[in-house]
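I'm opening a notebook on this one and jotting down what I look up, entry by entry. Let me get the structure on screen before anything else.

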Amino acid sequence: MEHIKTVIMAGGKGTRIASAAAGIPKPMIRINDKPILEYQLECLANNNLRDVIIVTGYLGSIISDYFGDGRKFGLSVSYFHEETPLGTAGALFKLKDKLTQDFLLLNGDIIFDVELKRIIDCHFKNNALATLAVHPNSHPFDSALIITDHDCRVTGWLNKEDPRLYYKNQVNAGIHIINRELLLQTEPRQEQVDLDRDILKPSVKTGRLFAYHTPEYIMDIGTPDRLGRVTADLKNNIVQKKNLAVKQEAVFLDRDGTINVSNGFIGRPEDLILAANAAKAIKIINDSGYLAIVITNQPVIARGETDFETLEKIHMKMETDLGMEGAYIDDLFFCPHHPDKGYAGERPEYKIDCDCRKPKPGLILQAARKYNIDLPHSFMVGDDMRDAGAGINAGCTPVFLSGQAAAPDPGNVKTYKSLYDFALDFEVTQKIKAAK
């Protein structure tokens, strides 16, 4: 990947976090005695991406004096200084002669530790004009949201001010691969160019804008709260351990009766109601560094009781409700099959004995392959012994949620009344492990 240049947009002033950025550019804010930009350069070096252009603006000499030519970081670093602000993309048009092929573009105010080869491979596989790293975050209600189809092609873009009802928690993370063709076919109307509104969002109509969904750690430090969170996460090694090159640990979660109130088969988004404290429980899992992945049987598809589009809206409702309380899931896998026949309106193509319907472990194994998950150090949590069985069959630690009723004899399966009760115990366990 050495031939791919990286452009870092590092001209920010940091007005929303003025106390931390007093007298320095925003990307030079120190976290645990190291500038944000230095964390970025270290990640680039670890990914063998060594040719870097840093775009500077406000007090840019502080950046160039600190990093120099980049040799001490194992990189080759050059600079483009904006004498007047050019927006989040204006400098790219000034650099067109140097950007002769696809390049990596980074926001200068994010902390991340990402296996960048994955997004680069995704970009070239799709022959994309641009590929955006997208991820769930704890505040999707005030973030721009990326809408994709099942091929990860971007089909819509909701800015913060755009109306929305139910949505997938999928936010542009600030890491992009840009095809030079996109710059050549864009005619900026002014010197200041907004990357999202002037270049990327208008490119949705081409069908060549793609998203790469990742649960890896990417967080901007735009507010004092986020700066504090990133500082703690770096100190506790959460940033580094979420890189997908490292074996991941996960809490797999059943849906009905675990995350949402069990109320028969759900056929409409409005019927999904979060269980008491479910969002708080999932937020504890998010904060731990474990992945939160939903594994759910949805025979409503095979029975003909709902369709895939409606099921997707149901899951959007769940993600929307979780996001309003600062929680998120990293991914969701569902089984649409049902082996028993005889239902009015059933869909015969899904009436099969599959490998993905719990208690079979197919969905868990699929997630493990996608995210490099260490199954023996992961959990499967649900309110049905089929959930526990899927966990056992996959090699996870099974957890059974009994509700208020007396639990069936679960054998060696650990039992809690609710997901929140499990999460509280899980939180204590993680703190003890971190202290050792």
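Predicted model: local features only at pLDDT ≥ 70, side-chain atom pairs only at ≥ 80, totals over all residues.

**Entry 1: helix α1**

I listed the buried residues of α1 and got I36, L37, E38, Y39, Q40, L41, C43, L44 and A45. Buried means under 20% relative accessible area, exposed over 50%, and partly exposed in between, with a 1.4 Å probe and protein chains only. Helices (H or I, at least four residues) and strands (E, at least two) are DSSP runs, numbered from the N terminus. Just after α1, I found N48 with a positive phi of about 60°.

Residues are numbered from 1 along each chain as its sequence is written, and side-chain values use heavy atoms, with hydrogens and water left out.

**Entry 2: charges over rings**

Which ring does the charged end of K34 sit over? It is the ring of Y39, with the charged end of K34 4.8 Å from its centre. A charge sits over a ring if NZ of Lys or CZ of Arg is within 6 Å of the ring centre and within 35 degrees of the ring normal. I also noted K72, whose charged end sits over the ring of Y66, 5.3 Å from the centre.

**Entry 3: aromatic pairs**

I searched the whole structure and got 10 aromatic pairs. Rings of Phe, Tyr and Trp (its six-membered ring) pair if their centres lie within 6.5 Å; planes under 30 degrees apart count as stacked, over 60 as edge-to-face and the rest as tilted. For F308 and Y350 the ring centres are 5.6 Å apart and the planes are at 65°, so I logged the pair as edge-to-face. F308 lies in helix α10 (residues 308–324) and Y350 in the loop between β16 (331–335) and α11 (362–371), so this pair ties together parts that are 42 residues apart in sequence. F308 is partly exposed at 30% relative accessible area, while Y350 counts as buried at 19%.

Next I looked at Y416 and F422, an edge-to-face pair with 5.7 Å centre to centre and 75° between the planes. Both Y416 and F422 are buried.

**Entry 4: strands around β18**

Y416 turned up again here, as the bridge partner of L401 in β19. Strand β18 (residues 397–401) has 4 of its 5 residues buried, so it is largely enclosed by the rest of the structure. It runs parallel to β17 (residues 379–382), with 4 bridges joining the two; two strands pair if DSSP finds at least two bridges between them. G382 has F400 in β18 as its bridge partner. β18 is also joined to β19 (residues 414–416), again parallel, by 3 bridges.

I checked the handedness too: β17, helix α12 (residues 385–394) and β18 make a right-handed β-α-β unit. Right-handed means that, with the strands pointing away from the viewer, the path from the first strand over the helix to the second runs clockwise.

**Entry 5: strand β12**

How many of the 5 residues of β12 are buried? I counted 5 of the 5 in this strand (residues 209–213), so β12 is largely enclosed by the rest of the structure. Both faces are covered, with L209, A211 and H213 buried on one side and F210 and Y212 on the other. β12 runs parallel to strand β8 (residues 130–135), and 5 bridges join them. V134 stands opposite H213 in β12.

**Entry 6: cysteines**

I looked for disulfides, meaning pairs of cysteine sulfur atoms within 2.5 Å, and the count came to 0. The sulfur of C152 is 6.4 Å from the closest cysteine sulfur, in C122, which is too far for a bond. C152 is partly exposed at 34% relative accessible area. C354 is in no disulfide either, the nearest cysteine sulfur being that of C356, 3.5 Å away. At 7% relative accessibility, C354 counts as buried.

**Entry 7: F112**

F112 is in strand β7 (residues 110–113) and is buried at 3% relative accessible area. Leaving aside neighbours within four places in sequence, F112 is in contact (heavy atoms within 4.5 Å) with Q40, C43, L106, I175, Y217, I218 and V239. Q40 and C43 were both among the buried residues of α1.
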